Amino acid sequence: MTFAELWAELLPVGRDEFTGGYRRYSWTTADAACRAWFARTATQLGLRTDCDRNGNLWAWWGRPGGMQAVVTGSHLDSVPDGGAYDGPLGVVSAFAAVSQLRSDGFRPARPIGVAAFTEEEGARFGVACLGSRLLTGAITPEAASALRDGDGVALADAMAAAGRDASGIGPDEDLLAGIGAFVELHIEQGKALADLGAVIGVADGIWPHGRWRFDFAGRADHAGTTRLADRQDPMLPYAATVLAARTSAERCGALATFAKVVAEPGAANAISSRVQAWLDARAPDEATLDLLVSQVSTAAAAAAGQHGVAVRQHRESVTPPVSFDRGLRDRLAAVLAAAGIAAPLVPTGAGHDAGVLAARIPAGMLFVRNPSGVSHSPAEHAEMADCETGVAALAAVLADLAAQ
Ligand SMILES: [Zn+2]
């Protein structure tokens, strides 16, 4: 089975006909169709499929448990109106690489696994990499059980509706103990490779990142009768904070984004009583991230004071930096160099299942060039020839890691 054939099968699943974006949220009908595709593909390749207690999918070439397995894969879920490549590229490439190794007559000395982790984007239940976090114990079953989607549906009920029993969610030490290395192939979510003229990159590490909620509380009033001087408009310090975050991020060599904002009461002719806004901040190291967030906080407090508005700040999540296993990282680079594939080291500001798994097992990542650099959008793209190079790179890596 070629990459193009596998890609074409998965492409229509969960795509919105109006936006062209994907809405593959965990435990929905689109998710079930992705899972069915995974099982069908694995079966066609002669792999044994399994769904673990946390809902992550596995396809095995050889029996896991004895020799330390080599696992590759990514995720099939999407953000709202996400692109086709973020996640599925890694899963489709994994199957295509296995198919290539099979037709090359390769005989692995250790098991090879293909994984698809559930709820990587956190689009339904709000916690990114939920499947790999549960597997590794990075989130407790109790905390996961308390998660609800936007309609108030609990994770356990969503899983039950999809025919899965959620009573066993949580760390799976036996499964982890059988894995010697995890390599995730992913579309690059930036333009570093395009700028370097390279098709494939090896991940250097993942920037620390986090999410903070700012609550600006003012006073609702009439937009047509309240003099400017008499207003306590929370929208104004919010706006100043957005601009301050941008300036600070530029100064720090970091990234800061306000992309989600809720204004109450939300009437076009009323001054808001309250504005809630979420800061997503990412930086090359923790000290820079702390500096960036403290600068944004200071700016928010100063702007709120000027407008008679109260501001409170809540840290919702912070993920420390991930350094991928150096031995594995260097081995990936060496294997690709030997295969004639130039693969520079690139850092990333995005979180991934490989980053979660890296806390427990040697993990690494390969990136495939994304010429536009756009991600989490239908405009996300990779050329077919680059995807095929990705498959060749992954096949070379699997052959090396599973050879002895
Ligand atoms: Zn992804």
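Author: Gly 150 lies in the loop that links α5 (141-145) to α6 (155-161); helices are DSSP runs of H or I with at least four residues, strands runs of E with at least two, numbered from the N terminus. The model is predicted: local features need pLDDT of at least 70 and side-chain atom pairs 80 or more, while totals for chains, interfaces and linings use all residues. Residue numbers start from 1 along each chain as its sequence is written.

Because 10 other C-beta atoms lie within 10 Å, Gly 150 is exposed (12 or fewer; 20 or more is buried, in between is partly exposed, with C-beta atoms placed from the backbone). Pro 237 is 87 residues from Gly 150 in sequence and 28 Å away in space, C-alpha to C-alpha.

Elsewhere, strands β1 (residues 48-51) and β2 (residues 57-61) run antiparallel and are joined by four bridges; pairing requires at least two DSSP bridges. Asp 50 stands opposite Trp 58 in β2. Five residues separate β1 from β2 in this hairpin, and Gly 55 in the turn has a positive phi of about 90°.

Among the helices, α3 (residues 88-103) packs against α13 (residues 384-401) at about 60°, their axes 8 Å apart. Axes are lines fitted to C-alpha atoms over the stretch in contact, with angles from 0 to 180 degrees between N-to-C directions.
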